[in-house]
Amino acid sequence: MKSVQAWRPGMKFMPIFPGNRHRVHIRKPTWIIILISLVCAFLVCVYVYPPQHSAACHMFSSQGCKALQKWLPPPSRELTDDEIASRVVIKDILNMPPAASARPKIAFLFLTPGPLPFEELWDKFFQGNEGRFSVYVHASKDKPLHFSRYFINREIRSDKVEWGKISMVDAERRLLVNALKDPDNQHFVLLSDSCIPLRDFDYVYNYLIYTNVSFIDCFEDPGVHGSGRYSEHMLPEVDKKDFRKGSQWFTMKRQHAIVVMADSLYYTKFRDYCRPGMEKGRNCYSDEHYLPTFFNMLDPAGIAHWSVTHVDWSEGKWHPKSYGAQDVTLELIQNITSVMESVHVTSEEVKQTQTRSCMLNGSRRPCYLFGRKFLPETLDILLQLFTNYTSI
């Protein structure tokens, strides 16, 4: 047998003979395997059959179901027949190639209670671009008198509109369906009576016609004026985690306009369960939540998540800042048209600011094409500045 030399300090080399080798059989920790199996089985059961009562929630933790729900992925849910039918139709519409048009047009949809104080400014905006746009007017109270040839006889059948109620969404859909009758209308812009153009027609046309998204404002607001407006009556079709908020002033490509008109399932949920004066004193405004939630659920990659219509909420009031004659300067317009980021502020107790770069077909671009909440008294100065500020 060969010897092995080993050395220790203060000693001479001594031969060491290895002894016989014996296999040591280690007992498998079967109790650990059993414990892990039981825990896994428990978690699977909780995932598939979530506890419905608070007592079951608190058996294992003082935090109850909330901590467990945060840790576990959401359970899958079988879609209802109505959801399956709705999603099949919407998917087919979105997968269809866009309708070809020799000369695509932008449909400008004016949602107004009566007269359009900036009709003269819009007339100047439209001049020389005949055949590249169409105009539709929904006047909910008084039929306006028009002087511009672009607006004469462009009213559609209108109905009463109440602020914050589903009638606002109904008016938007009414404008969309009338504009969809013209197959050349490829992009749709919703505007109010206080909206003005911030760019020249060519800039707006190229920005919208050649984009691959709809500019629908959409963000998650966990606060009282966001998810706090959600009603569980919207279940199972609309879950709270999908509930979104955004400005109603959209621009929309034709496929999305058709999808909106094809929808009845999600529209009905918001008609019935998103309105002012709901249970527990909550107010929900469908024009701020229906389209953002709808597209967040069904085509989130197809929308920009910001609006190309600028509005100033910096005053922190229920309504955005209004611009009077003393506010309107070339510098103001330049400041608005140079903005490259869309900003959303949540309604939580500790407000969070969400910032998003305005991207157009993969490139960073200025965010805004239109401005809102300009008072009628600003018309004269806007007409004077129009040529200067639209040539920027």
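Select P197 and F370: in β15, F370 is the bridge partner of P197. Helices (H or I, at least four residues) and strands (E, at least two) are DSSP runs, numbered from the N terminus. The model is predicted, so local features need pLDDT of at least 70 and side-chain atom pairs count only at pLDDT 80 or more, while totals for chains, interfaces and linings use all residues. Residues are numbered from 1 along each chain as its sequence is written, and side-chain values use heavy atoms, with hydrogens and water left out.

**The sheet around β15**

Now select residues 370–371, which are strand β15, together with β6; two bridges join these strands, and they run antiparallel. Two strands pair here if DSSP finds at least two bridges between them. Strands of a sheet pair through backbone hydrogen bonds, either parallel or antiparallel.

**The whole chain**

Of its 392 residues, 45% count as buried; buried means under 20% relative accessible area, exposed over 50%, and partly exposed in between (1.4 Å probe, protein chains only). Show the surface: the chain exposes about 22300 Å², and carbon and sulfur atoms supply 55% of that area. Accessible areas come from the Shrake-Rupley method with a 1.4 Å probe, and for residues only the protein chains shown count as cover. Among contacts with a separation of 6 or more, 76% are between residues 24 or more positions apart. A contact means heavy atoms within 4.5 Å.

**Helix α9**

Which residues of helix α9 are buried? Select 265–273 and look for L265, Y266, Y267, K269 and F270. Their cover includes α4 (81–95), α6 (166–180) and α10 (286–298). A charge sits over a ring if NZ of Lys or CZ of Arg is within 6 Å of the ring centre and within 35 degrees of the ring normal. For another such case, select R199, which lies over the face of Y203 at 4.3 Å from the ring centre.

**The disulfides**

How many disulfides does the rule give? The count is two, where a disulfide is a pair of cysteine sulfur atoms within 2.5 Å. In general terms, a disulfide is a covalent bond between the sulfur atoms of two cysteines.

Select C274 and C284, which a disulfide joins with an S to S distance of 1.9 Å. Both C274 and C284 are in the loop between α9 and α10, 10 residues apart. The torsion about their S-S bond is -80°, and the link is left-handed. C274 counts as buried at 0% relative accessibility, and C284 is buried with a relative accessible area of 0%.

Then select C358 and C367, joined with an S to S distance of 1.8 Å. The torsion about the S-S bond of C358 and C367 is about 95°, so this disulfide is right-handed. Both of these cysteines are buried.

Look also at C195, which is buried with a relative accessible area of 1%, and at C218, which counts as buried at 3% relative accessibility.

**The aromatic rings**

Finally, show the rings of Phe, Tyr and Trp (its six-membered ring), which pair if their centres lie within 6.5 Å; planes under 30 degrees apart count as stacked, over 60 as edge-to-face and the rest as tilted. The whole structure has 31 aromatic pairs. Why does the pair of F126 and F151 count as tilted? The ring centres of F126 and F151 are 6.2 Å apart and the planes are at 50°, so the pair is tilted. This pair links distant parts of the chain, 25 residues apart: F126 is in helix α5 (residues 119–126), and F151 is in the loop between β4 (133–139) and α6. F126 counts as buried at 0% relative accessibility, and F151 is buried with a relative accessible area of 0%.

Next select Y205 and Y210, an edge-to-face pair with 6.5 Å centre to centre and 80° between the planes. Is Y210 buried or exposed? Y210 counts as exposed at 55% relative accessibility, whereas Y205 is buried with a relative accessible area of 5%.

To end, select F108, F110, W122, F125, F126, F133, Y150, F151, F201, Y205, Y210 and F370, which ring pairs link into a cluster. The tour returns here to F370, the bridge partner of P197.
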